[in-house]
Amino acid sequence: MEIDPIIDTIYKLPSPSKRTLKEYISEIAYTKGEILLKANKVESTVCFIKKGIVRAYTDTEGNQLTFWFGTEGDTIVSMKSYVAGQKGYENIELLEDCLFYQIESRHLQQLFEKDIHIANWGRKFAEQELLKTEFRLISRQFKTATERYKELLKENPGLLQRVRLRHIASYLGITQVSLSRIRADIW
């Protein structure tokens, strides 16, 4: 996925502002299995997925709890680092070889001060990330595992071909055996 539609999905910028923003964005590549963001570290970048898939997880009592999958066009950011400059709680693992667009958070902050359009883009970016987090929280609290699984299939049907079932089960908050039962009941 190219950077222009990713930027535009967040907020349409006037051409000069978009050009300025893009001057600070670079492309980077990482290989499957690498950890892009690490828990207990202040992260200094915001990334957008050009190609590939990642998962966000946290370590809890000897287990890894997956709470998000990111695919082409999605944003990778530690909001705690981005907003408060504090250590994040999440790890971001690459489930495939990935290409990213990356921008330094400090550059974004400088651009926010210089260009009101980019500042509005940044506000919309933060608002969208908040809504995504709220949606995940509500889904996890009020929907059954079967409902969450069906929702995952609807929102991202290709995910099952790209992600191990143990990560899907972890995301749903169930065991792989329970996931197998849900899948059998649906099909």
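Analyst: Strands (E, at least two residues) and helices (H or I, at least four) are DSSP runs, numbered from the N terminus. Two strands pair if DSSP finds at least two bridges between them. The structure above is a predicted model, in which local features need pLDDT of at least 70 and side-chain atom pairs count only at pLDDT 80 or more, while totals for chains, interfaces and linings use all residues. Residues are numbered from 1 along each chain as its sequence is written, and side-chain values use heavy atoms, with hydrogens and water left out.

User: With that in hand, what is the order of the strands in the open sheet that contains E2 and E5?

Analyst: The order is E2-E7-E4-E5, with antiparallel pairing among these four strands. E2 and E5 each have a single partner strand and stand at the edges, so one side of each has no neighbour in the sheet. On average, neighbouring strands here are turned by 35° against each other, direction ignored; the angles are taken between axes, which are lines fitted to C-alpha atoms, for helices over the stretch in contact, and they run from 0 to 180 degrees between N-to-C directions.

User: How many bridges join E4 to E7, and which residue stands opposite Asn91?

Analyst: E4 (residues 54-60) is joined to E7 by four bridges, and the two strands run antiparallel. Tyr57 is the residue opposite Asn91 in E7, and Val54 has Leu94 of E7 as its bridge partner. On the E2 side, strand E2 (residues 35-37) is joined to E7 by two bridges, again antiparallel; Leu37 faces Ile92 there.

User: Which residues of E7 point one way, and which the other?

Analyst: The general idea comes first. In a regular strand, side chains alternate between the two faces of the sheet. In E7 (residues 91-94), Asn91 and Glu93 point one way, whereas Ile92 and Leu94 point the other way, and all are buried. Buried here means under 20% relative accessible area, exposed means over 50%, and partly exposed lies in between (1.4 Å probe, protein chains only).

User: What lies across E4, E5 and E7?

Analyst: Helix H8 (residues 165-172) does, running at about 95° to E5. This helix is mostly covered, with six of its eight residues buried: His167, Ile168, Ala169, Ser170, Tyr171 and Leu172. Just after H8, Gly173 adopts a positive phi of about 75°.

User: What is the strand order in the sheet that contains E1 and E6?

Analyst: That open sheet has four strands in the order E1-E8-E3-E6, and its pairing is antiparallel. Strand E1 (26-30) and strand E6 (75-76) are at the edges; each has a single partner strand, so one side of each is left without a neighbour in the sheet. E3 is joined to E8 by six bridges, with Val46 partnered by Ile103 and Ile49 by Phe100. E3 and E6 pair over two bridges, also antiparallel, and Cys47 has Ile76 of E6 as its bridge partner.

User: Is E3 enclosed or open to the outside?

Analyst: Six of the seven residues of E3 are buried, so this strand is largely enclosed by the rest of the structure. Helix H1 lies across E3 and E8, at about 125° to E3.

User: Where does Ala126 sit, and what is its relative accessible area?

Analyst: Ala126 belongs to helix H5 and is partly exposed, with a relative accessible area of 25%. Its C-alpha atom is separated by 8.8 Å from that of Val83, which is 43 residues apart from Ala126 along the chain.

Terms used: Contact = heavy atoms within 4.5 Å.
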